[in-house]
Amino acid sequence: MVDVHDHICWGGGHHHHGGHTLTVSNLCAHYGEVEALRDVNFTASCGQTVALIGPNGAGKSTLINLLAGLIRPSAGHMLWNNTPLHNTRHEIAFMPQRTEVNWRFPLSVRELVEMGRYPSTGIWNPLRPHDRDIVDKALEALNLTALQKRQIGELSGGQQQRAFLARALAQEAHILLLDEPFTGLDVPGTESLAELLRSLAAEGRLIIASHHDLSTAERIFDNSLLLHRQAIAYGPTAQTLSEANLRATFGKHSTRKTV
């Protein structure tokens, strides 16, 4: 992986030298009176891949939605380089679970990727030549140029994930938030997406994804955050996925396989 002090970070249309850090402090979230997350603390830097791991209902999607600005915390802070995270919304790209996307919507691959330019152009303004060039490059980077006129529902699962990542590239996002991106992918699709995420991180992006397959977590993610409505453990994946931490997260019947 690229050293955070040496690489160039890309995001928001600007190039930043050196490491950028996301700091999450005492983060809490409630749905009505139901506590979803309590006092979550962790830091992550550009150039890293971070897995959010825990049982169903542990707060993984809630944490991603908080970071994406889709819901508000009931307490705590999220800072990006000591600045409130959502003061730089254009640097954050969110990829929802595939089950939450209406794949029948009459949208082409190119139109989906063009949506990544909306934070810069506005929804109703036409794309400028500069914007179209960025879209072209994003499609090319994800090997989607030949598929750009296809309706998104006609794509395979892996191609659909690549299309959403191309939208993030077109946005020039710095932080990529992915909710269960590997769900439903076959082995080749999983390997391809894993390689792509590592490549995007090596270019200086911060990748944060909820993940359920413990057998692949160490190969894909530098760091892991174990959640069960609060942070159980955080750190390098190989160390964090200890039997003791997994039992504390999943209970006594946990295994190092898909959960």
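Helices (H or I, at least four residues) and strands (E, at least two) are DSSP runs, numbered from the N terminus. Helix α5 is followed by Glu 172, whose phi is positive, near 60°. This is a predicted model, in which local features need pLDDT of at least 70 and side-chain atom pairs count only at pLDDT 80 or more, while totals for chains, interfaces and linings use all residues. Residues are numbered from 1 along each chain as its sequence is written, and side-chain values use heavy atoms, with hydrogens and water left out.

**The sheet**

- An open sheet is formed by 6 strands in the order β8-β9-β10-β5-β11-β12, with mixed pairing; two strands pair if DSSP finds at least two bridges between them.
- Because β8 (92-95) and β12 (231-236) each have a single partner strand, they stand at the edges, and one side of each is left without a neighbour in the sheet.
- On average, neighbouring strands of this sheet are turned by 15° against each other, direction ignored. Axes here are lines fitted to C-alpha atoms, for helices over the stretch in contact, and angles run from 0 to 180 degrees between N-to-C directions.
- Strands β9 (residues 175-178) and β10 (residues 206-210) pair in the parallel sense over 4 bridges, and Leu 206 in β10 is the bridge partner of Ile 175.
- Helix α6 (residues 187-202) packs on the sheet and touches β5 (49-53), β9 and β10, where contact means heavy atoms within 4.5 Å. The direction of α6 makes about 145° with that of β10.

**Strand β5**

- β5 runs parallel to β10, joined to it by 4 bridges, and parallel to strand β11 (residues 223-227), also by 4 bridges.
- Leu 52 has a bridge partner in each of these strands: Ser 210 in β10 and Leu 225 in β11.
- β5 is mostly covered, with 5 of its 5 residues buried. Buried means under 20% relative accessible area, exposed over 50%, and partly exposed in between (1.4 Å probe, protein chains only).
- In a regular strand, side chains alternate between the two faces of the sheet. In β5, Thr 49, Ala 51 and Ile 53 point one way, while Val 50 and Leu 52 point the other way.

**Helix α5**

- The 15 residues of α5 (residues 157-171) should span 21 Å at 1.5 Å a residue, and the end C-alpha atoms are 22 Å apart, which agrees. The expected span is 1.5 Å times one less than the number of residues.
- α5 is largely enclosed by the rest of the structure, because 13 of its 15 residues are buried.

**Salt bridges**

- The structure holds 9 salt bridges, each a side-chain nitrogen of Lys or Arg within 4 Å of a carboxyl oxygen of Asp or Glu.
- Glu 35 pairs with Arg 38, the closest N and O atoms being 2.7 Å apart. Glu 35 is partly exposed at 26% relative accessible area, and Arg 38 is partly exposed at 31%.
- Asp 133 and Lys 137 form a salt bridge at 3.3 Å, N to O. Both lie in helix α4 (residues 129-141), 4 residues apart, about one turn of the helix. Asp 133 is partly exposed at 36%, whereas Lys 137 is exposed at 52%.
- Arg 205 and Glu 203 form a salt bridge with closest N and O atoms 2.5 Å apart. Arg 205 is buried at 10% relative accessibility, whereas Glu 203 is partly exposed at 36%.
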